[in-house]
Amino acid sequence: MKPVMMRESDREWDGVTGSDCLRASLASVLELPLDEVPHFLGNPDTARNWPGELEYWLFGRGLTVYPVAPSSDLAATLAYMGQRWAGDFYLLCGRSGEDYGHVVVGCGDAIVHDPDPGVPRGSHCLTGPVPTCGKYVALAIQPLQSSPARHKSAVRHRVQEGTCG
């Protein structure tokens, strides 16, 4: 994991609020420069179906995402991730102090990076679960295990239909 900081703070388009914390956290986990990761929340068209867009982009790199939403309690979520994904980096979605969605990087049972440049190193600004579902959502990025052709078809369908998420 190579920490990458976000460049944009929250902004809103037609009821959809987004920053590039998802992009910066993903770039951190994949050890890529920020500009090599799409800004899934950067415009209303992709922001509405960012989970499908993310999954399709990862597929092109031989990766997939496993969403896990174990709890509305941060300590319980981190404990679960520490048991289930020990030693693996993952994205952790929650709510920031401003009541917006926010994404940080976790590893095992700890938050190891917050891409918000206003947050002191070693700390994070998560204050609660994802506003829309009431739980913390971890996104574990893993190598593809299933048939690539079948997976690609399913991902493309969910992206086109907007049913992923």
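Q: What is the accessible surface of the chain, and what percentage of it belongs to carbon and sulfur atoms?

A: Please keep in mind that this is a predicted model. The accessible surface comes to about 8,300 Å², and carbon and sulfur atoms account for 48% of it.

Q: How many helices and strands are in the chain, and in what order do the elements run?

A: The chain has five helices and eight strands. Read from the N terminus on, the order is β-β-α-α-α-β-α-β-β-β-β-β-α.

Q: What percentage of the residues in the chain is buried?

A: A residue counts as buried when its relative accessible area is under 20%. Of the 165 residues in the chain, 45% are buried. As for contacts, among those with a separation of 6 or more, 59% join residues 24 or more positions apart.

Q: Which residues of the largest nonpolar core touch the most other members?

A: This core has 26 residues, and those touching the most other members are Leu26, Phe40, Leu58, Leu91 and Leu139. Two or more residues each come from α1, α3 (50-59), β3, β4, β5 (101-107) and β8. The largest share, six residues, is given by α1.

Q: With which residues is leucine 26 in contact, leaving aside its neighbours within four places in sequence?

A: Leucine 26 is in contact with Val37, Phe40, Leu54, Trp57, Leu58, Leu91 and Ile141. There is also a second, separate core of 13 residues, which includes Leu78, Val104, Ala138 and Ala140.

Q: Which residues of helix α4 are buried, and where do they lie around the axis?

A: In α4 (residues 74-84), the buried residues are Leu74, Thr77, Leu78 and Met81. They lie on the same side of α4 because they cover an arc of only 95° around the axis. These buried residues pack against β3 (63-71), β4 (89-96), β6 and β8 (136-143). On the face turned away from the buried side are the exposed residues Ala75 and Gln83.

Q: Which residue caps the N-terminal end of α4?

A: Aspartate 73 caps that end, with a side-chain oxygen 3.3 Å from the backbone nitrogen of alanine 75.

Q: How should I read a strand such as β5, and in what sense does β5 pair with β4?

A: A general idea comes first. In a regular strand, side chains alternate between the two faces of the sheet. In this structure, β5 is mostly covered, with six of its seven residues buried. β4 and β5 pair in the antiparallel sense over seven bridges; valine 103 in β5 is the bridge partner of cysteine 93. β5 and β6 also run antiparallel, joined by three bridges, and valine 105 stands opposite histidine 113 in β6. The hairpin of β5 and β6 has two residues between the strands, and glycine 108 in this hairpin takes a positive phi near 60°.

Q: What is the phi of glutamate 31, and where is this residue placed?

A: Glutamate 31 has a phi near 55°, a positive value in a residue other than glycine. Its place is in the loop between α1 (21-30) and α2 (44-47). Glutamate 31 has 49% relative accessibility and therefore counts as partly exposed.

Q: Is glycine 122 buried or exposed?

A: Glycine 122 counts as exposed because its relative accessibility is 79%, the cut-off for this class being over 50%. Glycine 122 lies in the loop between β6 (110-113) and β7 (126-128). Its C-alpha atom is separated by 8.4 Å from that of isoleucine 111, 11 residues apart along the chain.

Key
Residues numbered from 1 in each chain as written. Predicted model: local features only at pLDDT ≥ 70, side-chain atom pairs only at ≥ 80, totals over all residues. Heavy atoms only, no water. Helix = DSSP H or I, 4+ residues; strand = E, 2+ residues; numbered from the N terminus. Buried < 20%, exposed > 50% of the residue type's maximum accessible area, 1.4 Å probe, protein only. Arc of directions from axis to C-beta. Contact = heavy atoms within 4.5 Å. Polar contact = N/O pair within 3.5 Å; in protein donor to acceptor, adjacent residues only side chain to side chain. Core = buried A, V, L, I, M, F, W, Y, C linked by side-chain atoms within 4.5 Å. Areas by Shrake-Rupley, 256 points an atom, 1.4 Å probe, with all protein chains shown as cover. Pairing = 2+ DSSP bridges.
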